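Subject: Structure for you to look at

Hello,

Here is the structure I said I would pass on. My notes on its pockets and on one of its helices follow below.

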Amino acid sequence: MNATDYTEAVAGFATGVVVLTIRDGRDDLGTTVTSFMSVSMEPPMVLAGVSSTSYLSEVLSRQDRWAATVLSTGQRALAGRFAAEGRPSARLLLASEPHHRGPLSEALILDNGLAALECETRQRIEAGDHHLFVAEVLSADYIARREKPLIRVNRRYLGP
């Protein structure tokens, strides 16, 4: 199968949108992730896929604790900022957004998402051009059931 056909085939698969953040010493990194899923209820575990060539993947390989904020429909612009090439520190990207530092991960967490999870990596898997990080969920920082999730399908974000 060629890359174009594969990309077209999976583009129609709707997925939620997550901002993954991690503290790296004095810096904070983050990226938009659409390869994110629940994998276990007991213990509670999630999986995040990150490009193997990214600096974030390198940091995730040496720092076990990180946070994932599930974005709501009103956070489309934020998803775009965290997905942009050459983006600055997560701290700068969140400067105008309400956020706090997670007590367990020390990662930056958005205050207005659908949910925020603090996670600890348990397994790293090489998968083609991505690394998969299987992590135990240490805490749900918050859950906002009244919000609607930001969904990505056919290379577009759905919602307002």
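How much space lies in the largest pocket? In this predicted model, the figure is about 1100 Å³. The lining of that pocket comprises 34 residues, of which Val 33, Thr 34, Ser 35, Gly 49 and His 130 are the closest to its centre. At least two lining residues come from each of helix H1 (3–11) and strands S3 (27–33), S4 (36–41), S5 (44–51), S10 (130–143) and S11 (151–153). Sorted by class, the lining of the largest pocket has 16 nonpolar, 13 polar and five charged residues.

The second largest pocket holds about 180 Å³ of space. Its lining includes Asp 28, Leu 29 and Gly 30, along with Ser 54, Tyr 55 and Leu 56, and also Gly 86, Arg 87, Pro 88, Ser 89 and Ala 90. Strand S3 gives three residues, the largest share of this lining, and helix H2 (55–62) also supplies at least two. Five of the residues lining the second largest pocket are nonpolar, four are polar and two are charged.

Now the helix. Which residues of H3 (76–83) are buried? They are Leu 78, Ala 79 and Phe 82. These residues lie on the same side of H3, because the arc they cover around the axis is only 105°. Among the elements that cover the buried residues of H3 are strands S2 (18–24), S3, S8 (108–110) and S12 (156–158), as well as helix H4 (90–93).

Regards

Note on methods: Residues are numbered from 1 along each chain as its sequence is written. This is a predicted model: local features need pLDDT of at least 70, side-chain atom pairs count only at pLDDT 80 or more; totals for chains, interfaces and linings use all residues. Side-chain values use heavy atoms; hydrogens and water are left out. On a 1 Å grid over the protein atoms alone, a cavity is a set of points where a 1.4 Å probe fits but cannot get out, and a pocket is an open set with protein on both sides within 12 Å along at least five of seven lines; lining residues have an atom within 4 Å of a point. Grid points are joined across faces, edges and corners, and a volume is the space filled by probe spheres set on the points. Helices (H or I, at least four residues) and strands (E, at least two) are DSSP runs, numbered from the N terminus. Ala, Val, Leu, Ile, Met, Phe, Trp, Tyr, Cys and Pro count as nonpolar, Asp, Glu, Lys and Arg as charged, and the others, Gly among them, as polar. Buried means under 20% relative accessible area, exposed over 50%, partly exposed in between (1.4 Å probe, protein chains only). The arc is that of the directions from the helix axis to the C-beta atoms. Contact means heavy atoms within 4.5 Å.
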